[in-house]
Amino acid sequence: MTALPNRRRALIAACALPGLVAAQAPAPLKVVASFSLLADMVAQVGGDAVAVHALVGPDADAHAFTPAPADAQRLAQAGLIVVNGLGFEGWIDRLVRASGSKAPVVVASQGITVRRIGQVTDPHAWQSLVAAQRYVENIRAALVAARPAQAAAINARAATYTGQLAALDASVRSRLAALPPGERKLVTSHDAFGYLADAWGLDMRAAQGWTTAGEASAADVARLIRQLKAQKVRALFVENISDPRLVERIAREAGAAVGGTLYSDALSPPGTRADTYLKLMAHNADTLLAALMAGR
Amino acid sequence: MTLYGAIVQPFIEFGFMRRALVACLALGLSCGPVGTLLVLRRMSLAGDAMAHALLPGAAVAFLLVGLSLPAMSLGAFIAALAVAALAGGVARFTAQREDASLAGFYLIALAGGVMLISLRGNSVDLMRVLFGSILAVDDAALLLVAGVASASLVVLAVVWRPLLVECFDPGFLRAVAGHGALHHQLFLVLLVANLVAGFQALGTLMAVGLLMLPAIAARCWAQSVGRLSAIACAIAAACGYGGLLLSYHFGLPSGPSIVLLAGAVYLVSLCIGTRDSLRARFFTAHRHRTA
């Protein structure tokens, strides 16, 4: 930007009402978040103090992300980088190093109770609203450190947001209380909902031996039906069976309900039903509860 | 594992196995005679071409209405009939042969269908959604297959004789009755209906596979058209049953299991069949020479 527009803008600001001069805030802090859910959290806490970009956008798979040169450029220009950690973004360290970015890297999951699947760390901690409050706290601290002048506004927004997360968590727990523990069985083909199941006391099991690639065999279908029957499962969430008719048939034969879409690693596109983290978690909770109730 | 446990118990325990079996048996019942007539009329490849011609109709119906069996079946039916009618019309009014014009129109339809699906975005999912799976046969699909099979048998019973005459001596039929073209159109409608039922209920490979392979294999065992049809029906039914059991016991994909079994029956028939087989050609000839 040349000097002239700056001077002109200063002139306009000086001519304006004194109240508006105070609104002449510094340019927003450029934050790059690794994926869409984190970006939403940063935007909620940072408000107009930040301009957030998600490397892995809505409806995209963070596991299959291939960085583009523009991503490295964004990192180089960023004032703050927010990642999930727990091995979720295996590509991020190299990308940050390659970009030559000097920005501090915040690990949002710092300090949560880590869940393990066998030997492997389960990175999908944001699926627990309790852990998410820790995420918000980590993000808040980092934003305040980067923009101490706007600490009051950031702290206030973080407190409001944490309150909303806690309220949603409490409402889900109270609705779940109507279901005895034995009636909270679900089968899913995802491995992304371990934290969610732990937090809300759901008995979530994997679809045994279900592979995503290719056409299903009668043996696969029979095994899944036997499992659902034997474990008296209430609801079936198997999204990577791409034929909805097959899911319907399996569920009906096993006496279980077909669950809807659960969002795991990405927000849905803006303007749709799960375009913020809070809406995503509310949607997942509603979907789970509806399926469990329908299976009664 | 007992014999009962191996060959009966899966169908007792699981409803989806029973449904799949019934769908195979029903489809086999009408595919036997239709496939036999296709072979006799030297239209063995027309089934495949018509199968591709269904695609744009099913795709348009899916994009307009969503996952609805009646809408997608109707769309597929109309698209395939339109291709058949256009190909027939061109053959009638120009010097082009029908197989050439059929190839032209089915390729246009196929490319149009792929274009529609790709414009919609997630091509892989839609390709799977457009065609059913033998393991996911629901009530509507079962009714469609059974209805088409029943209607096909009734229609075939009515026009069986003229169809056969036209197969072997179209000139004679034209001289006697003059309705050869009408019967040909009716037969094409039957063919399309069977393909649509097969596609929507059982999947891409299944429809043409169950239609053609048993009919071609039957050629190695019989000569009369009635016997050919009966043997083709029996082979289709046996392959449906055997293929499902293979899929159940060995964890193989169901559609390919059934069709590959039919393919194996064809290859075996080709080797040891009583007519037009390798055995009939070489073994019998050899004996003649030594005699």
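Trainee: What is the mean pLDDT of chain A, and what share of its residues reach 70 or more?
Mentor: The mean is 83, and 85% of the residues in chain A reach 70 or more; pLDDT is the predictor's confidence in each residue, from 0 to 100. This is a predicted model, where local features need pLDDT of at least 70, side-chain atom pairs count only at pLDDT 80 or more, and totals for chains, interfaces and linings use all residues. Residues are numbered from 1 along each chain as its sequence is written, and chains are lettered from A and ligands numbered from 1 in the order in which they are written.

Trainee: Where in chain A does pLDDT stay under 50?
Mentor: Over residues 13–22 of chain A, for which the model has three contacts beyond four places in sequence. A contact means two C-beta atoms, placed from the backbone, within 7 Å. Where pLDDT is low, the predicted coordinates should not be read in detail.

Trainee: OK, the sheet. What is the strand order in chain A, and is the pairing parallel or antiparallel?
Mentor: Four strands of chain A make an open sheet, ordered 2-1-3-4, with parallel pairing. Strands (E, at least two residues) and helices (H or I, at least four) are DSSP runs, numbered from the N terminus, and two strands pair if DSSP finds at least two bridges between them.

Trainee: Which strands stand at the edges?
Mentor: Strand 2 (50–56) and strand 4 (105–107) of chain A; each has a single partner strand, so one side of each is left without a neighbour in the sheet.

Trainee: And how many bridges join strand 1 and strand 3 of chain A?
Mentor: Three, between residues 29–35 and residues 80–83 of chain A. V31(A) sits opposite L80(A) of strand 3 there.

Trainee: Switching to helix 7 of chain A, which of its residues are buried?
Mentor: I154(A), R157(A), A158(A), Y161(A), L165(A) and V172(A). Buried means 20 or more other C-beta atoms within 10 Å of the residue's own, with C-beta atoms placed from the backbone.

Trainee: What do they pack against?
Mentor: Helix 3 (36–46), helix 6 (129–146), helix 8 (194–200) and helix 11 (277–294) of chain A.

Trainee: Now the other chain. How many helices and strands does chain B have?
Mentor: Chain B has 15 helices and zero strands. Buried residues make up 45% of its 291 residues.

Terms used. A residue is buried if 20 or more other C-beta atoms lie within 10 Å of its own, exposed if 12 or fewer, and partly exposed in between; C-beta atoms are placed from the backbone.
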